[in-house]
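Let's walk through this structure together, from its overall form down to individual side chains. Have the viewer open as you read.

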Amino acid sequence: MWVWIASALAAWLGLSALGALVLGRFLYVAETEEELVEAQREQRDSANPPVTS
């Protein structure tokens with residue numbers, strides 16, 4: 001009985017840790033891509049300053 005409870009708890013903790021790692025990796029990649037887009041936007045905007053009349 002206790003073996004099943006311990007096994008279920010270990011499996012749940014392992015899956016939770018795996019889910020946290022996957023989510024962390026996804027958020028890291030999203031943040032990196034966002035920084036890249038912002039850098040490209042700044043580069044594009046500085047190359048073509050707005051025209052003032």
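Accessible areas here come from the Shrake-Rupley method with a 1.4 Å probe, and for residues only the protein chains shown count as cover. On that basis the chain exposes about 5,200 Å², with carbon and sulfur atoms supplying 69% of it. Bear in mind that this is a predicted model, in which local features need pLDDT of at least 70 and side-chain atom pairs count only at pLDDT 80 or more, while totals for chains, interfaces and linings use all residues. Residues are numbered from 1 along each chain as its sequence is written, and side-chain values use heavy atoms, leaving out hydrogens and water.

Start with the overall form. The chain has 1 helix and 0 strands, where helices (H or I, at least four residues) and strands (E, at least two) are DSSP runs numbered from the N terminus. The C-alpha atoms fill a box of roughly 80 × 15 × 5 Å along the principal axes. The radius of gyration is 23 Å, whereas a compact globule of 53 residues would have one near 10 Å; it is taken over C-alpha atoms, and the globule rule is 2.2 Å times the number of residues to the power 0.38.

How much of the chain counts as buried? The share is 0% of the 53 residues, with buried meaning under 20% relative accessible area, exposed over 50%, and partly exposed in between (1.4 Å probe, protein chains only). Ala17, for instance, sits in helix H1 and counts as partly exposed because its relative accessibility is 41%. From Ala17 to Ser46, 29 residues apart along the chain, the C-alpha atoms are separated by 43 Å.

Now to the side chains. Surface patches are made of residues with over 30% relative accessible area and no salt bridge, joining like charges within 9 Å and nonpolar side chains (Val, Leu, Ile, Met, Phe, Trp, Tyr) within 5 Å. A salt bridge is a side-chain nitrogen of Lys or Arg within 4 Å of a carboxyl oxygen of Asp or Glu.

Met1, Trp2 and Ile5 form a nonpolar surface patch with about 440 Å² of accessible area together. Ile5 belongs to helix H1, which covers residues 2–47, and is partly exposed at 42%.

Side chains of opposite charge can pair when their charged atoms come close. Here the count is 1 salt bridge: Asp45 pairs with Arg44, their closest N and O atoms being 3.6 Å apart. Asp45 is partly exposed, at 41% relative accessible area.
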